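Please consider the following note alongside the model. It is arranged as numbered points for a colleague's reading.

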Amino acid sequence: MTSVAVTVNGARLATDIEPRESLADFLRERCRLTATHLGCEQGACGACTVLVDGRVTRSCLRLAIMCDGKSVQTLEGFADDRIMEALRRHFHACHALQCGFCTPGMLVTARDILLRLPTPDAQAVRHELSGQICRCTGYANIITAIVAAGQELGRGNGG
Amino acid sequence: MKPAAFEYVRPKTVPEAIELLARAGTSVAVIAGGQSLIPLLNLRIAQPDLLVDVGGLEELKETGETADGLRIGALTTHSDIEDGKLPDLFGGLMQHVASGISYRAIRNYGTIGGSVALADPAADWPVCLMALGANVRIATRNGTRPEPVSDFVRGQYTTSLEKDEIILGFDLKRPQAPLRWGSSKVARKSGAFASSIAIVVEPGNGGPVAVALAGAGPRACLLPGVAKQVSSGASSDDMLRATVAQDLAALAPETDSYSRRLHASTVLRAVRDMRSR
């Protein structure tokens, strides 16, 4: 066992872990933050996407021990986030989910897309979203929701 | 699945890391970004006794312009390159290559050193660095040794790296005049490893053209015949196709007919891409 201290959604957690524990398991099993979903555990599906020090990452492809001293943000940590609020609303309005399993990863990734590429068009979203797998929707409504959220936020900025 | 148990150490200096790598009777894996290694650990394809995390080694972050070119630290991520955090001496080629690797979530942690150390036959960096004539800088017990990337990569997941050696980074020569480049990549799914990548680089001062191909055979390779033909300027599509076939017959004789056509297409597209710039 090795001790780590990780800040999760603003709260510091110090604990002993086994080196092989993934960040995803750390979040779900220790922090009981179950918005982060585990699909493939090999980096292919994107359901477990979270932020580490502000950068999107697959939490199944990070060891918790490698996050010692770092700040992690999961979907639960975006309650007051302006971009996430718009995305939530447009996902609802566009019916951008069915079973919802991929949605946490979709939302965290969509927020990152809108931060890097404000007001993206459908083609750009499609390309940027290609690492997130959804088995229900066929993607069309997810893409529509992200494009709409980007346009709304762009207008809000006077853009 | 979950990884089998391993010991984890995060050394603070390169000599300390080399000492750990050389530990007798222990299977050791080096981890940097972990974007290829952790899936292998999760699937228990790799089951090392000891994981040496080189993420804290300052020597592997040494990046910037040198007297005769560019030094890139092994820990430089694909995102760093995509976002233009490196001086651009090669007309945007490296930025273009970086932005085509996997997905943003992977690019944020995957490193250029890790990509070359793994030496996947279809990886993006070995073929790009070969086309640019880069050297890899390796830390050994007795100091450092440079080696051209085209010699360093020996075969499928095989390099000249000894058990107790670590990639420090890469040195690239500054072009004498602005270079021209072209590239083409075919992958069955965006973000997946490619079936074929061709990169063509033409130095601005009339120096020799380099044509590099990944996805054919066990390692990325330079295509000498095609390079010569592209240099000559007057090469039709049919002539180029025939020369790609000749180079492939010599370098990757196992290539099947579909792959031969595929590689000919990516090389032709890369040449066209370069000539259109």
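Predicted model: local features only at pLDDT ≥ 70, side-chain atom pairs only at ≥ 80, totals over all residues.

1. Residues are numbered from 1 along each chain as its sequence is written, chains are lettered from A and ligands numbered from 1 in the order in which they are written, and side-chain values use heavy atoms, with hydrogens and water left out.

2. Strand E6 (residues 135-140) of chain B has 5 of its 6 residues buried, so it is largely enclosed by the rest of the structure. Buried here means under 20% relative accessible area, with exposed over 50% and partly exposed in between (1.4 Å probe, protein chains only). Helices (H or I, at least four residues) and strands (E, at least two) are DSSP runs, numbered from the N terminus.

3. E6(B) is joined to strand E7 (residues 143-148) of chain B by 6 bridges, and the two run antiparallel; strands pair if DSSP finds at least two bridges between them. The hairpin connecting E6(B) to E7(B) passes through 2 residues, and B:Asn135 has B:Pro148 as its bridge partner in E7(B).

4. E6(B) also runs antiparallel to strand E10 (residues 166-173) of chain B, with 5 bridges between them. Here B:Ala139 is opposite B:Ile166 of E10(B).

5. Over all chains, the search finds 0 aromatic pairs, a pair being rings of Phe, Tyr and Trp (its six-membered ring) with centres within 6.5 Å. B:Arg277, however, lies over the face of B:Trp181, 3.8 Å from the ring centre; the rule asks for NZ of Lys or CZ of Arg within 6 Å of the ring centre and within 35 degrees of the ring normal.

6. There are 2 cavities of 30 Å³ or more, a cavity being a set of points on a 1 Å grid over the protein atoms alone where a 1.4 Å probe fits but cannot get out, with lining residues having an atom within 4 Å of a point. The largest has a volume of about 60 Å³, and its lining includes A:Arg58, A:Asp112, A:Glu128 and B:Tyr103. H3(A) gives the largest share of that lining, 4 residues.

7. The second largest cavity, of about 40 Å³, is lined by residues including A:Arg20, A:Asp25, B:Met1 and B:Lys2.

Technical notes: Phe/Tyr/Trp six-rings, centres within 6.5 Å; stacked < 30°, edge-to-face > 60°. 1 Å grid on protein atoms, 1.4 Å probe; cavity = no way out; pocket = protein on both sides within 12 Å on 5 of 7 lines; lining within 4 Å. Points joined across faces, edges and corners; volume = space filled by probe spheres on them.
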